Amino acid sequence: MSENIINLPTSIPLLRDQQQRPLSDLRISVMDRCNFRCPYCMPEDKYHEHFKFLDSTERLSFDEIVRVTRLFAGLGVSKIRITGGEPLLRPGLTDLIGDLSRIEGIEDIALTSNGILLGQHAAALRAAGLNRVTVSLDSLDDEVFSLMSGGRGSKDRVLAGISEAAQAGLMPIKINTVIKRGVNNQGALELVEYFRGSDVIVRFIEYMDVGTINHWQETDTVPSAELVQHISQRWPMTPVERNYHGEVASRYRFLDGQGEVGFISSVSDPFCGSCTRIRLSSDGQLFTCLFATAGTDLKGPLRDGINDNELLQIIGRVWGAREDRYSEVRAEQGGSDKKVEMYYIGG
Ligand code: SAM
Ligand code: SF4
Ligand code: SF4
């Protein structure tokens, strides 16, 4: 690999896309498979036992992921999120985290998981260099949890995983809760109550039209403003500044000092203007938007022996040409029926 390493100048001008947005976050999907079948992401009727997922050789190897990440770090990326599918299904993930944590310029490594396997891996992941976890948890009611997970897993096991992660020091832990009207919106208060006063921050995500198979209708989405009002009536809260430019959640702090909640409002209040994220799928396709219809193949060139300079050119061209602002134009242009699926691209 050493002959491919180029000497990057000590100060590189940040890459900017067509909207002058810099590139600072890389989301890496390490696994297309999942042990859940959330109907809003991987409905069972499509992802049944005969569905053809990638073979392990079709996924980028750890060496390939590390090589690409090192180049991204040289281009200004400092934050990485490991996702999927379910990333904890990828054998040896701890080794990958260790390798990524040693890359110069990478300051923050986070993982998004459904939490089912978190309990058994949390301590090793932390020791390897993982900084934080986001755990998806849609309900504390067993029946509703099951509706949202496609009948897989259990909320008790997810809660146990969250406790292990907290003990391992993977803080602050964030909870992702996708709200679907008529299914789990009634349980929002219960989730807030459970985590209020702890260091775990619940973030409600508006159900989105990602992919093409979840039969999304706008009426399924509960606008964040409605939830804010609902929660405020029980525990008064006030908006607080975002922690950093590009943070996707709007934050609200409880007036009684019991912490905060977040709202990710991709449908009702899009934030494309500050979107600094690029995504690498588990088979090495590069995507510049969660709602992309096509990616740029890196795996082929990687396996054909491309050198680092040429890879950098490809990445630079992809980001430089980027115009994506899907969530901002959704309302004007309607959705698209050609989008890639979220479990594949990495949420
Ligand atoms: N399996 C892991 C998990 O569920 O945390 C990581 C991958 S998952 C695709 C990442 C995030 O995307 C999860 O928090 C999930 O709730 C969210 N997500 C999936 N489909 C969504 C949809 N249609 N609308 C909003 N969020 C969605
Ligand atoms: Fe799996 Fe996460 Fe998608 Fe649910 S949201 S099916 S846990 S990848
Ligand atoms: Fe970023 Fe695309 Fe989402 Fe807009 S729609 S915030 S560009 S990922």
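Predicted model: local features only at pLDDT ≥ 70, side-chain atom pairs only at ≥ 80, totals over all residues.
Twelve strands form an open sheet of mixed pairing, in which the order is β7-β8-β9-β6-β5-β4-β3-β2-β1-β10-β11-β12. In general, strands of a sheet pair through backbone hydrogen bonds, in either a parallel or an antiparallel manner. Strand β2 (residues 79–84) and strand β3 (residues 108–113) run parallel and are joined by four bridges, and within this pair arginine 81 has alanine 110 of β3 as its bridge partner.

Helix α1 (residues 62–74) lies across β1 (25–31), β2, β10 and β11 (285–287), and its direction is at about 175° to that of β1. Helix α7 (residues 224–234) also packs on the sheet, where it touches β5 (174–179), β6 (201–206), β7, β8 (250–254) and β9 (260–264), and its direction makes about 160° with that of β9.

The crossing in which α6 passes α7 is right-handed. On the α6 side the contact involves Ala188, Leu189, Val192 and Glu193, which meet Leu227, His230, Ile231 and Arg234 of α7; by class, these residues comprise five nonpolar, one polar and two charged.

The crossing of α2 past α3 is right-handed. Leu93, Thr94, Ile97, Gly98 and Ser101 of α2 make this contact with Ala124, Leu125 and Ala128 of α3, and the residues involved are five nonpolar and three polar, with no charged residue.

The surroundings of two ligands were examined next. Ligand 2 has around it Cys34, Phe36, Cys38, Tyr40, Cys41, Met42, Gly85 and Asn114, a shell that divides into six nonpolar and two polar residues and contains no charged residue. Around ligand 3 are found Phe271, Cys272, Cys275, Arg277, Arg279, Cys289, Leu290, Phe291, Arg322, Asp324, Tyr326 and Ser327. At least two residues of the shell around ligand 3 are supplied by each of β10 (277–280) and α10 (326–333). By class, the shell around ligand 3 consists of seven nonpolar, one polar and four charged residues.

Two features of the backbone remain to be noted. Most residues other than glycine have a negative phi, and most peptide bonds are trans. In this model, the peptide bond from methionine 171 to proline 172 is cis, with omega near -5°, and proline 172 is located in the loop between α5 (155–168) and β5. Glutamine 20, a residue other than glycine, has a positive phi, near 65°, and lies in the segment before β1.

Notes: Residues numbered from 1 in each chain as written. Chains lettered and ligands numbered in written order. Heavy atoms only, no water. Left-handed = near helix turned anticlockwise from the far one by under 90°. Contact = heavy atoms within 4.5 Å. Nonpolar A, V, L, I, M, F, W, Y, C, P; charged D, E, K, R; others polar. Near = heavy atom within 4 Å. Pairing = 2+ DSSP bridges. Axes fitted to C-alpha atoms, helices over the stretch in contact; angles between N-to-C directions.
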